[in-house]
Amino acid sequence: MRRGHLRDERKQVAFVDYLKVGQSFMVKSGNPENISGIASLAGKAASVETGTTNKDYLDAQSKKLQAQGKKGIKVVTFPKDTDAANALKTGKVDAYFGDAPVVAFYIEKDPSSFSIGGTPVNPISIGIAIRKSDTELQSAVTQAVRAAYADGTMDKILTRWKLGKAVAKLQP
């Protein structure tokens, strides 16, 4: 679970982090709008899922662009992530913005329609949520994550799902 993706979960659970995940821009194949990062989105439209940290981040970046005298980003929200991605395919927006692994998945499913725009931004930790009171389970999961790194299992998983460029490994 991406920390902060659901805004109030930290009050009730502890996290055992296992990766750092950024957010990425998905663009039409060939990147006709030359989207390479936040600055290149000035004056353009990007789709996101409603109620996510992805929307919050783009809104904040849009305000920063406007404070610099540039055009803001038109953030177009959709209740479902698949609808936000489809808005790019149907030409309603210039880019889709989401968690980098999700973007990698969409591109793998439809490489003739989509490609990546720039490199991931705003990396934050993702982890396994466990009740704060269950310290024994927290310890066991931490040991399992460390073992997955130590024996190469995490590398195999990331390679299998083609996530090498979408995530950063932690050294727990």
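Guide: A pocket is an open set of points on a 1 Å grid over the protein atoms alone, where a 1.4 Å probe fits, with protein on both sides within 12 Å along at least five of seven lines; lining residues have an atom within 4 Å of a point. This is a predicted model: local features need pLDDT of at least 70, side-chain atom pairs need 80 or more, and totals for linings use all residues. Residues are numbered from 1 along each chain, and side-chain values use heavy atoms, without hydrogens or water.

The largest pocket has 13 lining residues. Nearest its centre lie Ala104, Ile116, Lys162, Lys165 and Ala166. Helices (at least four residues) and strands (at least two) are DSSP runs.

Phe105 and Tyr106 form a tilted aromatic pair. Their ring centres are 6.1 Å apart, with 50 degrees between the planes. (Rings pair with centres within 6.5 Å; planes under 30 degrees apart are stacked, over 60 edge-to-face, the rest tilted.) Phe105 is partly exposed, at 44% relative accessible area. Tyr106 is buried, at 13%. (Buried is under 20%, exposed over 50%, partly exposed in between.)

Next comes Asp110, in the loop between H3 and E5. Its side chain meets that of Lys89 in a salt bridge, 2.7 Å from N to O. (The cut-off is a Lys or Arg side-chain nitrogen within 4 Å of an Asp or Glu carboxyl oxygen.) Lys89 belongs to helix H2 (residues 81-89), so the pair ties together parts 21 residues apart in sequence. Asp110 is buried, at 14%, while Lys89 is partly exposed, at 41%.

The structure holds four salt bridges. Another joins Arg131 and Asp134, 3.9 Å from N to O. Arg131 is exposed, at 58%; Asp134 is partly exposed, at 23%. Asp59 and Lys55 make one too, with N and O 2.4 Å apart at the closest. Both lie in helix H1, four residues apart, about one turn.

Helix H1 also holds Tyr57. Tyr57 stacks with Phe97, 5.9 Å centre to centre and 20 degrees between the planes. Phe97 lies in strand E4 (residues 95-99), so this pair links parts 40 residues apart in sequence. Tyr57 is buried, at 17%, and so is Phe97, at 0%. Ring pairs link Phe25, Tyr57 and Phe97 into a cluster.

Note on methods. Phe/Tyr/Trp six-rings, centres within 6.5 Å; stacked < 30°, edge-to-face > 60°. Buried < 20%, exposed > 50% of the residue type's maximum accessible area, 1.4 Å probe, protein only.
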